[in-house]
Amino acid sequence: MNFTSPYPEITGDTEKLRHNAEILTELAANRGVEIAGVVKCCCGAPEVAHAFTAGGCLQIADSRIQNLRRLRQCGINCPLWLLRIPMPSEAEETVRYADLSLNSSGEVLELLSQAAVKAGKIHQVLLMTDLGDRREGVQPGELENLFRYAESLPGIYPAGIGTNLTCYGGIIPDEENMGLLVELARKLERDLKRKLRYVSAGNSSALKMLLEGRLPAGLNHLRCGESLLLGRETCNGGKIPNMFYDAFTLTAEVIESTVKPSFPAGTMQLNAFGEKPQIPDLGIRNHLLLGIGRADVNCDGITPRREGIRILGASSDHLIADVEDCSLHFNVGDTLDFDLEYSSLLSGMISPYVSKRWLSPEETPDFKGWKILRTPFSSDEAFSSFCRLPADPLFSAFAHPCGTCDSLSSVAPEVKNCLEQQIRPLLWGGSHRVALELARGLPSGAHRCGWIMFSAYSDFNTGESGAITPEGMTLSAICGKTVISETLEHPIPERNVVLIGVRSIEPQERSRLQHSDIQVFTMEEIDRYCISEIMERALKYLNGVNSLVVDFSMSVLDPEYTTSQDVPPCGLTLREGFCALEILSDSGKLTGAALTEIPDNETAQKNAAALTRSLLGNKILR
């Protein structure tokens with residue numbers, strides 16, 4: 001009979017890991033920073049990746065292609081980052097399994113470009129600069145040349161810049177080196193005339209600055225592993241408040257329990273590892289021998305959880321512990337639990353001799369479908385024209401549940417109710433104000449939500465910057481930059497907003513948009529690159545979010561499709577609208593949508609219904 005002992009064993013509590021991710025991502029989001037969850041210490045365990053994404057991590061990162069491949073095969077659908085600069089021999093696999101890789105070599109970038117073109121993909125890169133730790137990265141003065149070279153390569157999109165500190169040289173992040181990274185980013189943005197999606201300040205060692213409010217503005221990304229796994233920053237090992245420090249437990253089995261002299265007898269030379277042992281003479285003591293050794297974990301990085309137990313040393317296969325001062329008596333076959341430091345967790349997860357077990361939380365159910373919520377067409381608070389909504393037969397063709405919101409104040413509660421039941425809300429209405437109420441109904445975690453708005457107008461005014469009606473301030477209110485009726489509890493960060501199809505912008509709005517973090521694709525760019533390319537760029541820009549909301553104003557269409565008299569000409573064609581919404585439906589990230597500014601006429605409403613079918617996933621052959 002085949003038998004394998006369960007010990008030694010590492011048990012990981014994924015609910016504690018999810019909690020740690022929630023705490024850290026919320027702390028970071030309050031300071032405008034995203035977190036990539038690093039899972040390399042756990043050999044890319046899908047259980048850890050699922051816990052991190054459930055807790056709010058926007059990307060999952062690992063240093064090994066093998067782990068990224070496994071994560072993708074196990075259903076991890078968020079963006080995957082390759083942390084180690086790709087080896088030339090793994091360029092094709094990097095493009096296949098990593099959405100983004102860290103790079104500092106022009107030769108590797110060229111190979112990635114060739115692989116991306118061959119695969120028909122756009123591969124994102126984060127270009128690394130060495131700010132003193134002397135591991136990867138070009139010198140700061142060489143960064144712009146590398147960035148421009150990366151931009152010139154087909155199939156490569158430089159998404160930002162980053163650095164790494166502490167891991168090799170022990171150089172800690174401080175105001176000087178972090179400030180230099182911000183200066184480099186700002187200079188690149190000025191010279192290249194575009195925003196950087198990521199300015200990645202490094203790893204868990206930067207958390208001390210984040211927690212103390214010293215991380216310079218302009219740094220918007222961190223790559224964190226140890227802090228999420230063990231609840232501490234790594235600059236000086238400080239614990240992060242309200243996080244779990246014991247998400248992992250190492251368990252070993254007692255194989256001998258004896259009383260013997262503590263000091264070895266005989267002539268002492270080097271041990272099996274070439275070390276001269278330093279063993280104190282404590283007299284006759286109670287000793288335990290456990291079935292775990294250096295072949296299993298780094299025994300210098302484990303701590304017994306029970307008081308009165310002292311680790312004396314370890315060989316390849318055995319751990320020796322002094323239990324003279326422990327109140328508990330141990331027999332052969334009993335087990336001991338240990339806390340792990342990062343190095344011992346890494347070595348234990350790598351070891352084939354250590355069993356791994358996961359305590360899993362209840363899974364969150366998937367969305368069950370969509371519910372269409374009809375709202376009044378009038379922008380007036382009284383909704384006097386509510387009676388002119390499309391007839392029921394128009395909606396009955398959707399084969400989805402339908403409902404009615406008879407007032408503006410009832411929209412957000414209906415949205416919340418849908419999401420609590422794992423149903424996606426789709427709002428129909430005449431006023432863009434409905435989109436603001438959709439945002440008001442979203443739960444906390446807006447920093448993880450992408451907002452894609454289609455409109456002829458930006459609606460990014462404030463009351464002081466020229467807006468005459470609330471509709472002209474809608475997007476500004478959604479981003480928390482102004483208030484309409486009441487403050488939005490969870491505004492959408494500007495960096496999570498993409499605006500598509502704009503062709504009419506007030507001078508005040510133009511200035512505000514240019515100084516915002518909103519990504520704008522005007523009709524000029526759609527004409528030049530086509531709508532499918534623009535949608536690909538939009539989704540690449542938002543690759544760090546874990547959910548998407550569609551805010552589709554019918555004003556984005558050419559007036560031919562709405563018979564509107566007061567909308568600027570030369571908008572999207574209806575077919576372009578179908579294509580854009582079909583691509584978003586295929587993304588698998590949609591959690592809600594609003595179709596607004598639907599004119600009160602049969603042509604517009606029938607075309608709105610056709611657009612809705614595309615958004616709901618209807619295709620020509622299904």
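Student: At what angle do helix H5 and helix H6 pack, and how far apart are their axes?
Tutor: H5 (residues 106–119) and H6 (residues 143–152) pack at about 15°, and their axes are 10 Å apart. That makes H5 roughly parallel to H6. Angles under 35 degrees count as roughly parallel, over 145 as roughly antiparallel, 65 to 115 as roughly perpendicular, and the rest as oblique. The axes are lines fitted to C-alpha atoms, for helices over the stretch in contact, with angles from 0 to 180 degrees between N-to-C directions.

Student: Where do these values come from?
Tutor: This is a predicted model, in which local features need pLDDT of at least 70, side-chain atom pairs count only at pLDDT 80 or more, and totals for chains, interfaces and linings use all residues. Residues are numbered from 1 along each chain as its sequence is written, and side-chain values use heavy atoms, with hydrogens and water left out.

Student: And what do the H and S numbers stand for?
Tutor: They label DSSP runs, numbered from the N terminus: helices (H or I, at least four residues) and strands (E, at least two).

Student: Back to the pair. In which hand does H5 pass H6?
Tutor: The crossing of H5 and H6 is right-handed. The contact (heavy atoms within 4.5 Å) is made by Gly106, Leu109 and Glu110 of H5, and by Leu146, Tyr149 and Ala150 of H6. As for the term, a crossing is right-handed if the near helix is turned clockwise from the far one by less than a right angle, and left-handed if anticlockwise.

Student: How do the axes of H1 and H2 cross?
Tutor: They come within 7 Å and cross at roughly 40°. H1 also passes H2 in a right-handed crossing. On the H1 side the residues are Thr14, Leu17, Arg18, Ala21 and Glu22, and they meet Glu47, Val48, Ala51, Phe52 and Ala54 in H2.

Student: Which residues of H2 are buried?
Tutor: In H2 (residues 46–54) they are Pro46, Val48, Ala49, Ala51 and Phe52. Buried means under 20% relative accessible area, exposed over 50%, and partly exposed in between (1.4 Å probe, protein chains only). These residues pack against several elements, among them H1 (14–29), strand S2 (34–38) and helix H9 (226–230). Glycine 56 follows H2 and has a positive phi, near 115°.

Student: You mentioned H9. What does glutamate 226 touch there?
Tutor: Glutamate 226 lies in H9 and is buried, with a relative accessible area of 16%. Not counting residues up to four places away in sequence, glutamate 226 touches Ser204, Gly231, Arg232, Thr234 and Tyr342.

Student: Now a strand. How many residues of S23 are buried?
Tutor: Seven of the seven residues of S23 (residues 547–553) are buried, so this strand is largely enclosed by the rest of the structure.

Student: Which residues sit on which side of S23?
Tutor: Ser547, Val549, Asp551 and Ser553 are on one side, and Leu548, Val550 and Phe552 are on the other. In a regular strand the side chains alternate between the two faces of the sheet.

Student: Which strands does S23 pair with?
Tutor: S20 (residues 449–454) pairs with S23 in the parallel sense over six bridges. Six bridges also join S23 to S24 (residues 590–596), and these two run parallel. Two strands pair if DSSP finds at least two bridges between them.

Student: Which residues are opposite each other?
Tutor: Phenylalanine 454 has phenylalanine 552 in S23 as its bridge partner. Towards S24, valine 550 stands opposite alanine 593, and leucine 548 stands opposite leucine 590.

Student: What else is joined to S24?
Tutor: S19 (residues 423–428) is joined to S24 by three bridges, and the two run parallel. Here leucine 426 has alanine 593 as its bridge partner. Seven of the seven residues of S24 are buried.

Student: Which helix makes a β-α-β unit with S23 and S24?
Tutor: Helix H18 (residues 574–586) does, and the unit is right-handed. That is, with the strands pointing away from the viewer, the path from the first strand over the helix to the second runs clockwise.

Student: Last one: what do the buried residues of H13 pack against?
Tutor: They pack against H12 (411–420), S19, S20, H14 (474–478), S23 and S24. In H13 (residues 433–440), eight of the eight residues are buried.
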